[in-house]
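Visitor: I am new to this structure and would like a short tour. Could you take my questions one at a time?

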Amino acid sequence: MEIKGKTALITGGSKRIGRAITIGLAKEGCNVIIHYHSSEREAQELKTLVESFGVRSYLLKADLTKEEDIVRIAEESVNIGVDILINNASLYYKTPLDTATFKDLNIFYSIHVKAPFYLSKVIGKKMYEKKEGRIVNIVDYSAILPYPDYTPYTVSKGALLTMTKAFAKEFAPYVLVNGILPGPIVSPEDLQDKEIPLKKTLLKRWGGEQEVFKAVKYLIETDFTTGSLIPVEGGRLIF
């Protein structure tokens, strides 16, 4: 599918990986719907930037832990018209088993499962009706190779991985649904020793957000890949 002239919804689109995807798509001539929660200043600045590339942009504020917000942005996005859905919004924090709570599980599942599920269901149906569309889920390599102290996070990402394959079957043959498994792309803001994650990768460096966008671009442009998961993790899965 050609990117130019299409419209993409990017959840969590104002910062980090989401910002890189938004900018990358805009540079390719894609109109962008930028979802954000609390990063209003960053979202406004990004809107100004992408519009300088000659595309249209829209801002949608929503708390993806609230079902009514998920429903609202799905409706608003459908009214705008969406050709590409990037389920990128994510939350990441340490949750050792001894202190993990139902609240933690609910937060991770709302953002990583409920929101992508509902947005894919509603927007994907519209894509199916017009016989063209792309859904790309930003998962995580830990969905395949989990690590201690982040189990609620990795379990929710595992659900997103399964959802990717399930929706690929639901919307075939018109809507291609794929996922990306990022590894050490950018350092978490609260990480003190930035070398620790790199010791368990083959390439021994942070990848940078642009590497994820390259995978997103491929998954939009391809016409023969669906239900697949592309690792972008510097060899972490085979270390």
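Visitor: Let me start with G158. Is that residue buried or exposed?

Guide: G158 counts as buried because its relative accessibility is 19%. Buried means under 20% relative accessible area, exposed means over 50%, and partly exposed is in between (1.4 Å probe, protein chains only). The model is a predicted one, in which local features need pLDDT of at least 70 and side-chain atom pairs count only at pLDDT 80 or more, while totals for chains, interfaces and linings use all residues. Residues are numbered from 1 along each chain as its sequence is written, and side-chain values use heavy atoms, with hydrogens and water left out.

Visitor: Where is G158 found?

Guide: G158 is found in helix α5, which covers residues 151-170. Helices (H or I, at least four residues) and strands (E, at least two) are DSSP runs, numbered from the N terminus. The C-alpha atom of G158 is separated by 7.2 Å from that of I144, 14 residues apart along the chain.

Visitor: Stepping back, how many helices and strands does the protein chain have?

Guide: The protein chain has six helices and seven strands. Along the sequence they follow the pattern β-α-β-α-β-α-β-α-β-α-β-α-β. The radius of gyration is 17 Å, close to the 18 Å that the globule rule gives for 239 residues, so the protein chain is as compact as a globular protein of that length. That radius is taken over C-alpha atoms, and the globule rule is 2.2 Å times the number of residues to the power 0.38.

Visitor: What box do the C-alpha atoms fill?

Guide: Taken along the principal axes, the box is roughly 45 × 40 × 35 Å. Of the 239 residues in the protein chain, 48% are buried.

Visitor: And what share of the contacts comes from residues 24 or more positions apart?

Guide: Among contacts of the protein chain with a separation of 6 or more, such residues account for 72%. Contact means heavy atoms within 4.5 Å.

Visitor: Which residues have the most contacts inside the largest nonpolar core?

Guide: They are L64, L85, I123, M127 and I135, in a core of 33 residues. A nonpolar core is a set of buried Ala, Val, Leu, Ile, Met, Phe, Trp, Tyr and Cys residues joined through side-chain atoms within 4.5 Å. At least two residues of this core come from each of α3 (67-80), α4 (102-129), α5 and β6 (175-182). The largest share, seven residues, is supplied by α4.

Visitor: What does M127 touch?

Guide: Not counting residues up to four places away in sequence, M127 touches V82, D83, I84, L85, E132, G133, R134, I135 and V175. Another core lies apart from the largest one and has 28 residues, among them C30, I34, V136 and I180.

Visitor: Moving on, is G24 buried or exposed?

Guide: G24 counts as buried, at 7% relative accessibility. Helix α1, residues 16-27, holds G24. From G24 to V50 the C-alpha distance is 9.2 Å, and the two are 26 residues apart in sequence.

Visitor: And L203, buried or exposed?

Guide: L203 is exposed, because its relative accessible area is 52%. L203 is found in the loop between β6 and α6 (209-221).

Visitor: Now the backbone. Which peptide bond is cis?

Guide: The bond from A172 to P173 is cis, with omega near 5°. P173 lies in the loop between α5 and β6.

Visitor: What is phi for K131?

Guide: K131 has a positive phi of about 65°, although it is not a glycine. The loop between α4 and β5 (133-138) contains K131, and K131 is exposed, with a relative accessible area of 52%.

Visitor: Lastly, what about phi of D149?

Guide: Phi of D149 is near 75°, a positive value in a residue other than glycine. D149 is placed in the loop between β5 and α5 and is partly exposed, with a relative accessible area of 32%.
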